[in-house]
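Which residues line the cavities, and what surrounds them?

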Amino acid sequence: MTSDQKLNPESSFPRCPGSPDTLPASSRPRTRRVRLGASAAAIAAALLAACGGGGTAPSDAALPQAQTLSAQAAVGEKIFNDLSLSASGRQSCASCHNADTAHAPANALAVQLGGPSMDQQGKRQAPTINYLSTNTAFFFAADGTPTGGFFWDGRSASLAEQAREPFLNPVEMANPDVAAVVAKLAKASYVAEFQAVFGADILSRPDDAMARIQLALQQYQREDTAFRAFSSKYDEFLRGKVQLSDAEKRGLALFNNPLKGNCIGCHPSAKGADGSFPLFTDFTYDNLGVPRNPAIARNADAAYFDLGLCQRADLTTRTDLCGAFKVPSLRNVAQRQAFFHNGRFGTLKDAITFYVQRDTNPEKWYSRNPDGSVNKFDDLPAQWHGNVNVTEVPYNRRPGDAPALSDTEIDDVITFLKTLDDGYRR
């Protein structure tokens, strides 16, 4: 299939039971991201997998088995929850990555507060850190697709590397240097455990001690199955243990439909060829033209822009990547209270409505120019507007066109997305 060919909506692909309007879940043409060439058979298999079949895993695939944490991971858990390791004494890793809300913020702030007095805004919305254990360091795929990495711009290569930054960020835990972090750890109630794991003299070598702090945090996130529970209703559906409701099935069909929601293009919903359950992210990057958020104080400066990938020191020459941010997992997305890298939207309904009405009704989302015209893509300098994704469904619309999803269909998609919340009990 070439990049300008369309799937035929009349083709007789298999359909999810109870979802007569389902179209094939496919690797649709995705500008700057997709690997092309899916055959009809592969597309059909993908749809069957998304409906709960396909793949090689048995239908009763087990949940990740809880296990006793290793000594490293057990220390990591204590570090993760330790407020005293911050300059304020009031912030820990868990403050922005709350276990009760799928390790994402438990509040509706667009960006979290930190700093020595807990009154400094962060730069970007704090993402969930769940389902990252299979993520990789940042790389460009063979087709040029930016992929992997940690944080919204993928700048860290591992969970351990990612763990370092909040400790030293002046608007987060705000320690002035590594030595300050280690000095706080030396006073912690669990310091003897830390030394037992990493050596009695480890605190005398601050850089080594910091590296062990990072390692412990990484091990905790890798070993504790709360970070990758696979315990949602949708997981049970894939195991063949429960059925989705009619509304949930309709939402799944719309999610997968390349001519409707087309969410599957970045958020795969089918089991992998190896039987692995979907993570609902492909770990790539996209430029969605998300509106500027006035709730972020630094946005009062009209000259300020968060440019995403091209602001990284190693990618400053890649102006084609300006405005691109990482595709997050949609697992537990219904628990979120702020959406996109800048937290612009506070409800899932608004976020999805923006997706499908961004181009049909731009006046609903963007600020106005002095002459009253719509300042579309107002959180990106004009010279980079051409980077915004305007070719893929549902973004391939013009003002006055019908949105790809109706209001009722959006509600069905949301109903489906709620099946991705972990902790489902029959």
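## Cavities and their linings

Sixteen residues, written 16 in the table, line the second largest cavity, and Pro127, Thr128, Leu132, Lys326 and Pro328 lie nearest its centre. A cavity here is a set of points on a 1 Å grid over the protein atoms alone where a 1.4 Å probe fits but cannot get out; lining residues have an atom within 4 Å of a point. The model is predicted: local features need pLDDT of at least 70, side-chain atom pairs need 80 or more, and totals for chains, interfaces and linings use all residues. Numbering runs from 1 along each chain as its sequence is written, and side-chain values use heavy atoms, without hydrogens and water.

The whole structure holds four cavities of 30 Å³ or more. Closest to the centre of the largest one are His267, Leu288, Pro328, Phe340 and Tyr355.

| Cavity | Volume | Lining residues |
|---|---|---|
| Largest | about 780 Å³ | 49 residues |

By class, the largest cavity is lined by 28 nonpolar, twelve polar and nine charged residues. Helix H10 gives the largest share of that lining, five residues. Strand E6 (325–326), H10 and H11 each supply at least two. Helices (at least four residues, H or I) and strands (at least two, E) are DSSP runs, numbered from the N terminus.

Helix H11 (407–417) has buried residues, including Ile410, Val413, Ile414 and Phe416. Buried means under 20% relative accessible area with a 1.4 Å probe, protein chains only. Their cover includes H8 (233–238), H9 (246–256) and H10 (348–357).

Note on methods
Buried < 20%, exposed > 50% of the residue type's maximum accessible area, 1.4 Å probe, protein only. Contact = heavy atoms within 4.5 Å. 1 Å grid on protein atoms, 1.4 Å probe; cavity = no way out; pocket = protein on both sides within 12 Å on 5 of 7 lines; lining within 4 Å. Points joined across faces, edges and corners; volume = space filled by probe spheres on them. Nonpolar A, V, L, I, M, F, W, Y, C, P; charged D, E, K, R; others polar.
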